[in-house]
Amino acid sequence: MTESNNKDIFSEDQVKPFQPPEDFKASAQVKDDGLYKKAEKDKLAFWADMAENLDWTKKWDQVLDDSNPPYFKWFVNGKINVSANCIDRHIENGLGDKKAIVFEGEQGDTASLTYSELLKEVNKFSNVLRELGVSSGDTVTLWMPMIPEAVVAMLACTRVGAVHSVVFGGFSPDSLKDRILDSKSKVLITADGANRKGKVLPMIGAAAEALEDCPSIEKVIIVERSGADYDPIEGRDLRWEDLMKDAEEDFSPVEMDAEDPLFILYSSGTTGKPKGILHTTGGYLVGVNTTHRYVFDHRDDDIFWCTADIGWITGHSYIVYGPLSNGSTVFMYEGTPDYPKRDRFWELVEKYKITVFYTAPTAIRSFMRWGNHFPEGRDLSSLRLLGSVGEPINPEAWLWYHEHIGKGKCPIVDTWWQTETGMIMITPLPGVTPLKPGSATKPFPGIDAEVVDDQGEPSKPGQRGFLVVKSPWPAMLRTLYEDPDRYENTYWKQYPGLYFTGDGAWKDEQGYFWIMGRVDDVLNVSGHRIGTMEVESALVDHRDVAEAAVIGKVHEVKGHAITAFVTLKEGVEGSEELVKELKAHVGKKIGAIARPEEVFFTYELPKTRSGKIMRRLLRDIAEQRDLGDVTTLMDPDVVASIKEEYKGS
Ligand code: WT7
């Protein structure tokens, strides 16, 4: 959570909202409040209307079944196939030669797939999956770089009715293992390695040991992307290329029920174990199709670039399912914004004439810090709309983005949503909503978001509270994979009947939402969600560590920097060497993104009398704030001594 309080530095009366530019508005998908009115009048009729934008092989009997909360069903008994909606129907509509995916690799290699070509690839890979025995309901794990094969694999899963679980390519083999074990995947699709800032990071080769402990995996399909070495395992490992060479080019999409699982996506929670967020087929597709169309003001000639990784929900919803279900052209880039130079993204915007650009505040803050000359050296005039997602965007970054990337002419859609919500929930509609920098503005039509106090009553304007959603929406998670208790406890227990987002927020006099970030122990490191408990579990897994507490220290660019307080086992001495070793250990267990920036050794951790670690105090120490109330501490001296140690380091 970026704890900068927008209210103090940027209250609504100091700000003159940015009106939608006239020429933008003139050709926008949404030009007035008609959609809001329609949804207000009858939410279910609105969503049913939106669902009509998709091709169903059998129409639903009921829009929403809410008879068994918090287990909701949308488009009951409707039948649909996601890949058919993302590909086949566009070809039938004459878009076969339109580019679906335009790709550039880190080394400057390029590739593209028209909708017809995408269909061919997806059909072939669907046959590959079927021949390997993958069928409806089986789980397939993807651990891949940002390459078109990842999209092909996801769509093929939906075509055969398999459930995909995409694991972020930057996660470590151990994290991959945990997710494979939890989801009991039969097949893993991966690569020999990934290109990262001019180097090759091995993938399958590095995962060899972890995969030995994954008995459910029958086959591993390997895309040869980087030339990294690996020792194929006879009978288990197969090359993507070999399989595709002989695969048939026809495959008819399997008819799925609207409520059949579509994918699992693991997200950090407040315990060490990631949550397997489960999304289903029909409602999810309606949600992302609708929001992509209206929030990003879809136009036929757009070149849409969402810079997220395919391993996060943003990639699922707004690289793959939203834009492709609207027949858009999606741009995909393999690498990072700073390689080989810090203008890489702007070079790509210029070269591919990107029209809509969607990224995260942490990236925007990096761009700001790197200097204006990078974007100024490139022609960004193709851009017409900008987006932001992942955390609250500070007004300074918003204004910089607006001026230096959007040149004052592009609206910015600051979109609030979560892995759990599946789709954008609070957002401007760029042709109608006056923008206030730092505010995600208002709920999307048909979304009942509210800020409530401790009692679950709506907060007054300006009063901080918790962000909740008051009624179901089509792309909502349906449960946590094989863990309904955790699903109920995490989201539905705080306020009976309301979905608890875990975010703090307030509303201003005009009903604009200002999101303050998470109220639980989930950190945001450069846009990646990491649970403090995950890092703590990784630390105590080390032979020398007795106990560990992890906090996020507010960091100008990254959002949070991970700081770890570690108590060593009896007889072990802290040293620089051990600090390095612990950082590397966390990197190995979770992935480089979770590696602590700082590690401090302390003889005790501050705890309440009931034994809970008081992270708030550690945060205060790390951010060098005055300490708040310490009276509930078991041993108040502990804090003073940690503070001394921290200062001394
Ligand atoms: C959390 C969800 C779905 C996007 C990728 C992250 C924070 C997200 C915003 C925004 C303020 C935001 C919230 C939310 N967040 N977008 N526009 N303004 N905060 O997905 O990993 O599930 O994280 O990201 O805290 O709860 P996620």
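**Close-up 1. K273 and D182 pair up in a salt bridge.** In this predicted model, the closest N and O atoms of K273 and D182 sit 3.2 Å apart. K273 is in the loop between β14 (261-267) and β15 (275-280), while D182 belongs to helix α8 (residues 173-183), so this pair ties together parts 91 residues apart in sequence. K273 itself is partly exposed, because its relative accessible area is 42%.

**Close-up 2. E104 meets K351 in another salt bridge.** Here the closest N and O atoms are 2.9 Å apart. The pair links distant parts of the chain: E104 comes from strand β4 (residues 99-104) and K351 from helix α13 (residues 344-352), 247 residues apart.

**Close-up 3. K59 and E52 join through their side chains.** This salt bridge spans 3.0 Å from N to O. K59 counts as partly exposed, with 47% relative accessibility, and E52 also counts as partly exposed, at 45%.

**Close-up 4. Salt bridges can form a network, as with E224, R239, E241, D242 and K245.** Zooming out, the count for the model comes to 43 salt bridges.

**Close-up 5. E131, E248, E249 and D250 make a negative surface patch.** One of its members, E248, lies in the loop between α10 (240-245) and β13 (256-257). E248 counts as exposed because its relative accessibility is 53%, and exposed means over 50%.

Terms used: Residues numbered from 1 in each chain as written. Predicted model: local features only at pLDDT ≥ 70, side-chain atom pairs only at ≥ 80, totals over all residues. Heavy atoms only, no water. Patch = residues over 30% accessible without salt bridge, like charges linked within 9 Å, V, L, I, M, F, W, Y side chains within 5 Å. Areas by Shrake-Rupley, 256 points an atom, 1.4 Å probe, with all protein chains shown as cover. Salt bridge = Lys/Arg side-chain N within 4 Å of Asp/Glu carboxyl O. Lys, Arg positive; Asp, Glu negative; His and termini not counted. Charge placed at Lys NZ, Arg CZ, Asp CG, Glu CD. Helix = DSSP H or I, 4+ residues; strand = E, 2+ residues; numbered from the N terminus. Buried < 20%, exposed > 50% of the residue type's maximum accessible area, 1.4 Å probe, protein only.
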